[in-house]
Structures are given as C-alpha cells and as structure tokens.
Amino acid sequence: MLNPSTIQAIRKIMEEMPPEITEDCYAEAEQLAEKSIERFREPLRKHCPDAYTSLACEYMEDSDVDYQEAESQRVFDAIFHRVKVERAFWIYNRQNSTEDAA
C-alpha cells in the first residue's frame, strides 16, 4: 500500500507533467491499445453469456460504429491513464534517488 505522501507526490507529478512527456505517454498508449482491444472485449463476451451474446458482440464489433468508437476510446483512456501513472512513478523514483544520492 502506498503512503499518503507518495500518492500526493504522484498526483502532483501528473498535474505538472511536461507536454513532451504527456505526448510520449499518448504515443505509447496508442500502441498498447491497438494490441489490447481483444483482451478488453473478452469480459463482455463472457459476462452472463446466453444464446444471443455471441450475436450481440459480433454485431457491435462489426456493425455498430458508435459502439466501436466508444470501445476504442474506453480502451485508450484506460491504457493512457496507466501509462501516465507509470511515467509519474518513474519520475518520482528518479527524483528520490537523486535526492538520496545528494
């Protein structure tokens, strides 16, 4: 479990993250999202499946443009946030290791 001061530091780093780092996070998230879409679809297919689940999922994935856009955005948002938090932890660890060495 993270202590409150670490959580606060991570939030501050995320708020003050320079645009170039945010752009790097965006690019990384795009790559990961393209590779991960199937893993995000699985819970929808497997949650309370019945005779029409497969047909419904197939329709949404192949024919429902609104669903496809929403699904893509949802996957990207989740991965982008994760990548940004990872980068914040990397920055936090670098700052703390530099302070420890000084």
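Contact here means heavy atoms within 4.5 Å. The model is predicted: local features need pLDDT of at least 70, side-chain atom pairs count only at pLDDT 80 or more, and totals for chains, interfaces and linings use all residues. Residues are numbered from 1 along each chain as its sequence is written, and side-chain values use heavy atoms, with hydrogens and water left out.

**Stop 1: Ile13.** Select Ile13. Leaving aside residues up to four places away in sequence, Ile13 touches Ala88, Ile91, Tyr92 and Gln95.

**Stop 2: the core.** A nonpolar core is a set of buried Ala, Val, Leu, Ile, Met, Phe, Trp, Tyr and Cys residues joined through side-chain atoms within 4.5 Å. Buried means under 20% relative accessible area, exposed over 50%, partly exposed in between (1.4 Å probe, protein chains only). The largest such core has 17 residues; Ile13, Met17, Cys25, Ile79 and Ala88 touch the most other members. Colour helices H1 (4-15), H2 (19-46) and H4 (65-101): each supplies at least two residues of this core. H4 gives the most, eight residues. Helices are DSSP runs (H or I, at least four residues), numbered from the N terminus.

**Stop 3: the rings.** Rings of Phe, Tyr and Trp (its six-membered ring) pair if their centres lie within 6.5 Å; planes under 30 degrees apart count as stacked, over 60 as edge-to-face, the rest as tilted. The count is three aromatic pairs. Show Tyr26 and Phe80: edge-to-face, 6.2 Å centre to centre, 65° between the planes. Tyr26 lies in H2 and Phe80 in H4, so the pair ties together parts 54 residues apart in sequence. Tyr26 is partly exposed at 42% relative accessibility. Phe80 is buried at 18%.

Phe76 is buried, at 12%. Tyr26, Phe76 and Phe80 form one aromatic cluster.
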